[in-house]
Amino acid sequence: VEKDEKEESLHRSLLSARLAYEAADTAEKGKKAVDAPPVSIGWDSHAPIDKAPDSLVRPGDGPDGNYPMRARFEKMLREAQISITDAIAKIDGKATFQEDCWTREGGGGGMSRVLRDGAVWEKAGVNLSVVYGSMPQEALQAATERGVDRAKGMAPGERVPFFACGLSCVMHPRNPFCPTMHFNYRYFETDGGVWWFGGGTDITPSYLNEEDMKHFHGTYKEVCDRHDPEFYPKFKAWADKYYTITHRNETRGLGGIFFDDLNDRDPELLFEFAKDAVNHVVPAYGPIIEKHKNDEFTEDQKRWQQLRRGRYTEFNLVYDRGTIFGLKTGGRIESILMSLPETARWEYDHHPEEGSPEAEIMDAFKHP
């Protein structure tokens, strides 16, 4: 009896302690919610509209910063979105891009242009977004390599006011000999006058064609060299590192250029570099597609393309900075997940046959 009474007393003490802890935790969370700055973004904050306004950038919205640069960057990306989608639709020859526009009550919005069921591309999308609001510190870490440093001195749970404008694209062709292509160019500002540019263009073939890769990488070397001869070797190495599927110990594709946290010189110079890079997407990629869009292929080659798309999906959902940032800041889901292929494949413990073209490009993925 005495043992039962002691156990009952112990249970009562543990229950009292747990209730006290939960009450204190609830009170602390309530305090943080009151103290946190207002948030202007969320899963349900996107209102569809028939036509986007002339500009989604409004002076006075978001943290204090370089409002002229915000407006110029958005205008430049809008023009690039139109020129790129017009060129891609012309190459496809069958499908056109459907445009969806939306705004957010707290400021900003976006335009998605998506092509589906084309003659050349199964799916291609080019998304423009302008976002204001406040983000959790972990979203800042996802948005930049120096995110941890930029959150120093902030209280736990404190949110970061920010502005972001970007144009992102992924194109998934039908033919296994036509590579997938991705690009993203963006401009960020956070509270306190902090700003930076980021982005890049990269290519993901299913089969290795050295001539195609020389053309693609050569185009972006010329772009980089016009602005700084150190850009290309630095940004190419950065792309090889960034686009690594760590859990597979292989790269997603065969690279390109990638840069982030770029604010080491006059913003006007970096603006011109980003403009030059995004305007060379079609010259770098279009000729490769024109060359291979009518190539014959087998079911086994299509199956290999599907397996590589599975790897592409793994990278985008696990590592991609833009996907993580969008999910953590309540972005528009259809636009965030636009990058995923319509179809992909996973096979248990698959290995290409030794000496095959599939094994050849796997070696390139393993040893970029």
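**View 1. Surroundings of Trp121 in the predicted model.** Trp121 touches Ile88, Ile91, Asp92, Leu115, Met171, His172, Pro173, Arg174, Tyr285 and Ile289, leaving out residues up to four places away in sequence; contact here means heavy atoms within 4.5 Å. This is a predicted model, in which local features need pLDDT of at least 70, side-chain atom pairs count only at pLDDT 80 or more, and totals for chains, interfaces and linings use all residues. Residues are numbered from 1 along each chain as its sequence is written, and side-chain values use heavy atoms, with hydrogens and water left out.

**View 2. The nonpolar cores.** Trp121, Met171, Phe183 and Phe197 have the most contacts inside the largest nonpolar core, which has 74 residues. Helix α2 supplies the largest share of this core, nine residues. A second, separate core of six residues includes Phe162, Ala164, Phe188 and Phe325. A nonpolar core is a set of buried Ala, Val, Leu, Ile, Met, Phe, Trp, Tyr and Cys residues joined through side-chain atoms within 4.5 Å. Buried means under 20% relative accessible area, exposed over 50%, and partly exposed in between (1.4 Å probe, protein chains only).

**View 3. Asp92, a buried acidic side chain.** Asp92 lies in helix α2, residues 67–92. Asp92 is buried and has no salt bridge; Arg174, the nearest side chain of opposite charge, is 6.5 Å away. A salt bridge requires a side-chain nitrogen of Lys or Arg within 4 Å of a carboxyl oxygen of Asp or Glu. For charge, Lys and Arg count as positive and Asp and Glu as negative, while His and the chain ends are not counted. A polar atom of the Asp92 side chain lies 2.8 Å from the backbone nitrogen of Val120. Beyond neighbours within four places in sequence, Asp92 is in contact with Leu115, Gly118, Ala119, Val120 and Trp121.

**View 4. Gly107 in the loop between β2 and β3.** Gly107 sits in the loop between β2 (98–104) and β3 (108–116). The relative accessible area of Gly107 is 1%, so this residue counts as buried. Arg58 is 49 residues from Gly107 in sequence, yet their C-alpha atoms are 7.4 Å apart. Arg58, Asp61 and Tyr132 are in contact with Gly107, neighbours within four places in sequence aside.

**View 5. The protein chain as context for the close-ups.** The chain has twelve helices and ten strands. Helices (H or I, at least four residues) and strands (E, at least two) are DSSP runs, numbered from the N terminus. Of its 368 residues, 51% count as buried.

Technical notes: A polar contact is a pair of N or O atoms within 3.5 Å; within protein, one must be able to donate a hydrogen and the other to accept it, and residues adjacent in sequence count only if both atoms are side-chain atoms.
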